[in-house]
Amino acid sequence: IDFVHELNGDFAIAILDQRSGKLLLIRDRVGVKPLYFAQRDDRFLFGSEIKSLIAGGLQPRLDAAGLQRFFVFKYTPASDTLFE
């Protein structure tokens with residue numbers, strides 16, 4: 001997995017290790033390419049855009065606190081989104 005230290009640019013990567021059963025989700029250090037994920041019931045969804053989670057069946061709910069931070073800062077800070 002150390003290869004990610006050699007990568008430059010924007011990226012979000014998913015690597016499934018079938019032997020260990022581990023799923024690694026990796027994004028660029030600056031966070032230019034976001035990586036969203038959600039767990040609902042027995043499903044784990046991920047993608048670089050929220051609309052990919054919606055396409056996977058997620059029904060998003062508005063996060064009022066995230067919306068408030070968006071209006072205050074004009075962006076969604078850290079790991080926040082406009083959705084719960």
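Trainee: Exposed means over 50% relative accessible area, buried means under 20%, and partly exposed is in between. Is E84 buried or exposed?

Mentor: E84 is exposed, because its relative accessible area is 56% and the cut-off is over 50%. Keep in mind that this is a predicted model.

Trainee: Noted. Which side chain does E84 meet in a salt bridge?

Mentor: That of R61. The N to O distance is 2.9 Å.

Trainee: Why does that pair tie separate parts together?

Mentor: Look at where the two residues sit. R61 is in the loop between helix 1 (50-55) and helix 2 (64-73), while E84 is in the segment after helix 2, so the bridge links parts 23 residues apart in sequence.

Trainee: And how accessible is R61?

Mentor: R61 has a relative accessible area of 46%, which means it counts as partly exposed.

Trainee: Why would two such side chains pair at all?

Mentor: Opposite charges can pair when the charged atoms come close.

Trainee: How many salt bridges does the count come to?

Mentor: The count is 3. Another one joins D80 and R69, at 2.6 Å from N to O. D80 lies in the segment after helix 2 and R69 lies in helix 2, so this bridge ties together parts 11 residues apart in sequence.

Trainee: How accessible is D80? And R69?

Mentor: D80 is partly exposed, at 24% relative accessibility. R69 is partly exposed too, at 28%.

Trainee: What does E49 pair with?

Mentor: K51. Their closest N and O atoms are 3.5 Å apart. E49 is partly exposed at 37%, whereas K51 is exposed at 59%.

Trainee: New topic. Which residues form the nonpolar patch on the surface?

Mentor: L16, L23, F37, F44 and F46. Together they have about 480 Å² of accessible area.

Trainee: Let me pick F37. Where does it lie?

Mentor: F37 is in strand 3, which covers residues 36-40. Its relative accessibility is 55%, so F37 is exposed.

Trainee: What about A38, buried or exposed?

Mentor: A38 is buried. Its relative accessible area is 12%, and the cut-off for buried is under 20%. A38 is found in strand 3 as well.

Trainee: What is A38 in contact with?

Mentor: Leave aside its neighbours within four places in sequence. Then A38 touches R43, F44, L45, L53 and L58. One of these, F44, belongs to the nonpolar patch.

Trainee: Now the backbone. What is phi of D41?

Mentor: Near 55°. That is a positive value in a residue other than glycine.

Trainee: Where is D41?

Mentor: D41 is in the loop between strand 3 and strand 4 (43-47). At 77% relative accessible area, D41 is exposed.

Trainee: What about phi of K74?

Mentor: K74 has a positive phi of about 70°, and it is not a glycine. K74 sits in the segment after helix 2.

Trainee: Why does K74 count as exposed?

Mentor: Because its relative accessible area is 68%, and exposed means over 50%.

Key:
Residues are numbered from 1 along each chain as its sequence is written. This is a predicted model: local features need pLDDT of at least 70, side-chain atom pairs count only at pLDDT 80 or more; totals for chains, interfaces and linings use all residues. Side-chain values use heavy atoms; hydrogens and water are left out. Patches are made of residues with over 30% relative accessible area and no salt bridge: like charges are joined within 9 Å, nonpolar side chains (Val, Leu, Ile, Met, Phe, Trp, Tyr) within 5 Å. Accessible areas come from the Shrake-Rupley method with a 1.4 Å probe; for residues, only the protein chains shown count as cover. A salt bridge is a side-chain nitrogen of Lys or Arg within 4 Å of a carboxyl oxygen of Asp or Glu. Helices (H or I, at least four residues) and strands (E, at least two) are DSSP runs, numbered from the N terminus. Buried means under 20% relative accessible area, exposed over 50%, partly exposed in between (1.4 Å probe, protein chains only). Contact means heavy atoms within 4.5 Å.
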